[in-house]
Amino acid sequence: MGCFASTPKDSGGNRRRPGSIGEVSVYVPGLRIPKPVDFAQSLGDHLSKNIVERLSALRTRIVVMASQEGPTITRTKKKSATQHGDSTLADLQQALEDYLPVLLGLVKDGCHLQYKVQFVWVNQEDDAEETAMSNAWYEVLSVLHLMATLSLSQANLLLLPRTSADGYQPKVSEAESRRASVDIFLKAAGYLDCAVRHVLPQLPTELRRNLPVDLAEGVLRALCLQALGQGVDIQLGMAIDSTKATLAVKRRLACEMVKYWQQAQDNITNLPLGNGWGEKHRHFVKWKYVEAKVCIHSLPPDMANKCCL
């Protein structure tokens, strides 16, 4: 049912503490990037040459782009009016969207080919944390996680304070960026929800136990709820700024926000996340949960009392 190799042995072990990641509005996990695989050697006797070459070309494009652009994606400190960060994210996201439907052909209807290729991914923040599994569902899970991570990075770029570069002024207003970020948060949540509901159950129990901590079910659920919580947070901020939004609307959004952050905290509290990014994620979720509860208490008493804390 597929084999694996993972380092370090303890997936919740001591990951290198992240360096400076600049100013952030959104917690973005460390980028997991794929390492090259040889589809021709593994699938050459089972698939047509055209399909093998297409798989190879699509995945190689992702490997090259993620390796070259990954460090700039996770360390963007200010949003530049040149939109270089956005174009990088969009190009890599498109490459993943092109690859995913072709990859799914390896797992369609329990196809035996799903066990023929050993897929290798490494966390950009710690080269020692490399995980290899001979199961195409692991590749699907990793692709969905990367798509969600890129979406969270894109939302972060949209919400960062703006600066001009080379004399150019930002073309998109702050309000438009906030509205756009809501859709991106929902997209990220969709990728993660799909990973938890439809992909994780396809992996044998043994492989699920040996997934890197980034792909643990609790972490994926927490990231999904984080995306939903931050999307509602932005909506609440826009409602507060709007003269047309009623107190009932603001109360509903505030209650949803508390619910999402409480559930995110419940999913991540007892996970063995170790140091570094996992610790940052736990602190971020705890901070946002406390912030959400403070927001509830800032509502008129009759409104706040109707929210379940």
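User: Which residue lies over the face of Tyr-260?

Analyst: Lys-259 does, at 4.9 Å from the ring centre. A charge sits over a ring if NZ of Lys or CZ of Arg is within 6 Å of the ring centre and within 35 degrees of the ring normal. Lys-288 lies likewise over the face of Trp-287, at 5.1 Å from the ring centre. Keep in mind that this is a predicted model, where local features need pLDDT of at least 70 and side-chain atom pairs pLDDT 80 or more, while totals for chains, interfaces and linings use all residues. Residues are numbered from 1 along each chain as its sequence is written, and side-chain values use heavy atoms, without hydrogens and water.

User: What does Lys-288 form a salt bridge with?

Analyst: Side chains of opposite charge can pair when their charged atoms come close. A salt bridge is a side-chain nitrogen of Lys or Arg within 4 Å of a carboxyl oxygen of Asp or Glu. Here Lys-288 meets Glu-291, at 2.8 Å from N to O. Both lie in helix α9, 3 residues apart, about one turn of the helix; helices are DSSP runs (H or I, at least four residues), numbered from the N terminus.

User: Is Lys-288 buried or exposed?

Analyst: Buried means under 20% relative accessible area, exposed over 50%, and partly exposed in between (1.4 Å probe, protein chains only). With 6%, Lys-288 is buried, whereas Glu-291 is partly exposed at 33%.

User: How many salt bridges does the structure hold?

Analyst: The structure holds 11. Among the residues involved, Arg-208, Glu-217 and Arg-221 are linked in a network.

Definitions and conventions
Helices (H or I, at least four residues) and strands (E, at least two) are DSSP runs, numbered from the N terminus.
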